[in-house]
Structure formats: structure tokens, C-alpha cells
Amino acid sequence: MMQIDCPHCGLRPENEFHFGGQSHIQRPPLDCSDETWGDYLFARDNPKGDHAERWRHTFGCARWFNMIRNTVTHEIKAIYAMTDSRPAVKS
Amino acid sequence: MSLAIRFNAHMRTRYSAWNLLAASPRHDDWAPAWRDAEPKSHYDVVIIGGGGHGLATAYYLAKNHGVRNVAIVEAGWIGGGNTGRNTSIIRSNYLYPESARLYEHSLRLFEGLSRELNYNIMFSQRGIVTVAHSRHDLDSQSRWANAMRCNDIDAELLDAAQMQELVPRLNVGKDSRFPVLGGFIQRRAGPARHDAVAWGYARGASALGVDIIQNCPVTGFIKKNGRVAGVQTPRGEIGAEKVAIAVAGHSTVLASLAGFRLPVMSYALQAMVSESIKPVLNTVVLSPAVGAYWSQSDKGEIVIGGALDHFPSYAQRGSYGVTQQVLAATVEMFPSFSRLRMLRQWAGIVDVVQDSSPIIGPTPVPGLYINCGWGTGGFKSIPVGGLTLAHVLATGRNHELAEPFQLERFATGRLIDEAAAAGIAH
């Protein structure tokens, strides 16, 4: 089980948290094409490797944060605030 | 001296009682089930992925459409991904007419598959029982079973006494944590032998001239004038008129190599088996509420499947949190299983689409086709996934069963949202 370092509560077990999808998705202008809107709603990067994603400490402080996690090893490489941009990490 | 068994004309290829009796005393005159091929420089169709779907696609291309200059390129060994990692349950208990048609066609193909392939896939139609634990479950399962019957698929509602009779080991005590109020059964559902499905299709395809190339990962696509013209591999470039992707959890990895995006996320779906015991469980039992399902294999192992892990993953092991939850539910539902020793636990990486329905058809790259998005239900759809992908590859037109399952639906909004009906929580 992953131990996730919540920025507010410290290290807590994975089952206190919820995965909340890919981070940093920007909404396109509302007059965009159906293809662009569909891509915004549904298409995801889903990389095999480092993934920037949102998590919520649901059964704790209930606050959201961002994380960079490797989807093969589950190693957590960075934890950062919801409003921060994606930091560089060693791959 | 090569250890590889070589074909010769006197070897036995057909499995039958006569050939079993007539075989040489040491049974060393059986031909290998398929040829392990070296890549040629060019094919009419290259299929990426030697799992059930890729192998079935090759088989139906050769068998139904006469397209025999076909290669399957597989990164590992055939049937070594999700085809060898699932719990092998075949069912067609879906809600919407589009899905009902698709999965019912697959179930019917499975019913005739042992004969079609001359390979015993051990499909055992012992039924799948879905358990209702609450008034809400009873209501939603009535709707579910009625929807199935409207689509001409067998479904019977069961009361608590019938449940107890069908599954005597189930904890139906008044003070049980998950009380059993009723449920429903699809009697034509049941497990098959997953390896046999892969090997049967591989043998059938190979006999029709398809090249099966193992240990050959695709590292890139060759494009000419905006059209796909082949694949790059560590064993050289392989040219192709058309290329098909059938790689389940790795669909987005291949799509990004080809330069397009998919509405797919990859999650670990885990399963585990116990030691072998005498027959105790005669049907497949599914509890959507606790997120687990149980069956007993022909070898006697209790096969336990769980719900998806909660976060995306390419690690084929599954997270401990879900293992714990599944085993806790198992002990509650079947108290007599509490002292079983577990033998193995593993996970497959499944390709989950937002509407929990597959994608079978062309991609934005001309000449490149895809079969993906089966999520937690890839095994039971192998025959129909192969049949419909082969149809579009050979004819350039979508098979009518696959018409609703196109990538465009995510731009038009015509989703087929099976998430509520797919049997296990997504």
C-alpha cells in the first residue's frame, strides 16, 4: 500500500485518499469544435511512466493536492499545491 | 542441434478420439499447435498484440475474409497479458441494446468455439448469480434482468430461498453483514479456459497462414503520405497495408506513438486463487455491492475477482488495499472459505473508457485501426472483438455490431453508458 505524504497531515495510507484524475487540464473556449470539446471531456494522457494527477485526502483533511507518480512503480516523485504548475522531476 | 519441434507432413494436427488412439506410443507425432514465425518485410495486415482479441482478429481475417498475409506482433508471449490474467467469466448481462447485441453475439460464438477451432475451450455454462443485498439492489436488479429479457437474453429473478438452494455456502444468516435478499441468474453464462481460447485461435490462425511473432514489441509507426505504412520493432521494420492495435491496457501508449489520443485510462484489475478443494461452488457468484465475485475452477481452486484499483497503474500486481477489501468480503459472504490458503494474486491492466464501452474501428490515422476499451470485460468479448475488427480491416466498413462503438461518439455525445450495468463496479 502506498504511503502518501499529505501536505497537511503527513504520511497516511493510500486508502484514506481518492484519485481525482489528470492534473492541469485547461478548458478550451466555449465556442470550440465538438472534437475539441470531446477531447477536453474524455481524452486523457494515461502515460506509462510519470503522471501528474490530482488527489484528495478524503478520509482526513479532505483537501486536494497534486502529485507526480510513476504509474509503473507507483513511486511518488513530487507533491505540490493545486494551483502550482507541474514541477520538473527526474524520470 | 535445434530443440525446436519441426513440422513434417506425417504429424497429427487434428484433435480427435481417433487421432488420440492412433498416435504413436510416445505421442511424439503431434504437430506443434502453431508456428513461431520470423517477421517478413511486408504484410497486408499487421496486428499489434497477441492476446485473445489480436489472435481472434487474425483468425477471422483469414477464415472469413481470406486475408492470410497477416502477422501478429506480440511484445511478450501470446496470451500472456490480460488473456492469461482474467477470471474467464463469459456473460452477456448488459443493459443497453447495443451492448446486449455485441456481448450476446460473443457468447454465442463461445458456445460453438470448441467445435469451430477443434480445441476444447472448456466453456462451462453453469450460470452467473448476481446477489441483491438491499431493497435498492432488488429494484435495480429487476430492471437489469428485465432489460436483458427485452433484448432476448436469458435472465431469471431469484428469491432468497432460491439463492440459498443454488449457492448453499452463501452466508444467508439474519445477522450477516451483507444480507442476501435475492438476486438473478443468467444461466447461459459461465467460465471457460482462458489459455485454450488464446491457443485455439493461435492454432487456427497459424494453420491458415498467419505469422505469429513473439518477443517483438512495437516501438513506432512508419507513415507515408499521412497514412500508416508499417511498424518499427527491435527486429526491424515491418511494412503493412493496414495496422490494427489490440493491446488493452497499453492502448494509449501505442496511440501516442501513432500521434492520436484516446478516452482511455489504464487501471489494475486484480484476481486471486485459493488452493484446490472439493466442489463447493456450482455457479459464478457476483456481488456488485461488495465489489467481488467468486467461482470454482475445474481444478478446484476458488477463483476470486475484485473491483478496479482506485488509481491508474501499469503495474500488474494490484494494490493491497483492494486485496484486503476483496478477501474481507469473501470471508463475510462465504464464512466456510475463511481457512482457505491463497495460492496466487495478480492483476491485469485494463483499458477503461469513460462510458465503459469498447472502441472498435478506424482511428484518426488512415490505415490504422483499433480494438480497445473493453475494460474489465475483455475476455468474454474476444470472439466478437476479433470478428468485428477483422470485418473493418478486410472490408473498410464497420461491422453492424460495432457501428455504435466508434471513437467519434466522444465528439457527438452518443455514449453507451454501461458503467451502471457492467456487473462489477467501474
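So, E116(B): in this predicted model, E116(B) comes out partly exposed, with a relative accessible area of 36%. Its partner is K63(B), and the two make a salt bridge with the closest N and O atoms 2.9 Å apart. Now look at where they sit. K63(B) is in helix 2, residues 52–65, and E116(B) is in helix 4, residues 113–117, so this pair ties together parts of chain B that are 53 residues apart in sequence. K63(B) is partly exposed as well, at 44% relative accessibility.

Why would two such side chains pair up at all? Well, side chains of opposite charge can do that when their charged atoms come close. Over all chains, the structure holds 20 salt bridges.

Okay, stay in chain B and move to E104(B). Is E104(B) buried or exposed? It's buried, because its relative accessibility is 7% and the cut-off for buried is under 20%. E104(B) has a salt bridge to R108(B), 2.9 Å from N to O. Both of those residues are in helix 3, residues 97–111, and they're 4 residues apart, which is about one turn of the helix. R108(B) is partly exposed, with a relative accessible area of 49%.

E104(B) also meets R188(B) in a salt bridge, this one 2.7 Å from N to O. R188(B) comes from the loop between strand 6 (182–186) and strand 7 (190–191), while E104(B) is in helix 3, so here the pair ties together parts 84 residues apart in sequence. R188(B) has a relative accessible area of 21%, so we call it partly exposed. And if you follow the salt bridges along, you get a network linking E104(B), R108(B), E111(B), D154(B) and R188(B).

One more stop in chain B: I349(B), which you'll find in strand 16, residues 342–353. At 3% relative accessibility, I349(B) counts as buried. What is I349(B) in contact with, leaving aside neighbours within four places in sequence? The list includes N82(B), A248(B), G249(B), Y267(B) and Y314(B).

Chain A has 1 helix and 6 strands, and from the N terminus the order goes β-β-β-α-β-β-β. Its C-alpha trace spans about 45 × 30 × 20 Å along the principal axes. Of the 91 residues in chain A, 38% are buried. If you take contacts between residues at least 6 apart in sequence, 43% of them join residues at least 24 apart. On the charge side, chain A carries 11 positive and 12 negative side chains, with the centres of the two sets 6 Å apart. It exposes about 5200 Å², and carbon and sulfur atoms supply 48% of that.

Last bit: how the two chains meet. Chain A puts 25 residues into the contact, and chain B puts in 25 residues. The area buried between them is about 2100 Å², with carbon and sulfur atoms giving 56%. Which residues of chain A lose the most area to chain B? Those are F42(A), N46(A) and K48(A), together 32% of what the chain A side buries.

There are 2 salt bridges between chain A and chain B.

Notes. Residues numbered from 1 in each chain as written. Chains lettered and ligands numbered in written order. Predicted model: local features only at pLDDT ≥ 70, side-chain atom pairs only at ≥ 80, totals over all residues. Heavy atoms only, no water. Helix = DSSP H or I, 4+ residues; strand = E, 2+ residues; numbered from the N terminus. Buried < 20%, exposed > 50% of the residue type's maximum accessible area, 1.4 Å probe, protein only. Contact = heavy atoms within 4.5 Å. Areas by Shrake-Rupley, 256 points an atom, 1.4 Å probe, with all protein chains shown as cover. Lys, Arg positive; Asp, Glu negative; His and termini not counted. Charge placed at Lys NZ, Arg CZ, Asp CG, Glu CD. Buried area = accessible area lost by both parts, 1.4 Å probe. Salt bridge = Lys/Arg side-chain N within 4 Å of Asp/Glu carboxyl O.
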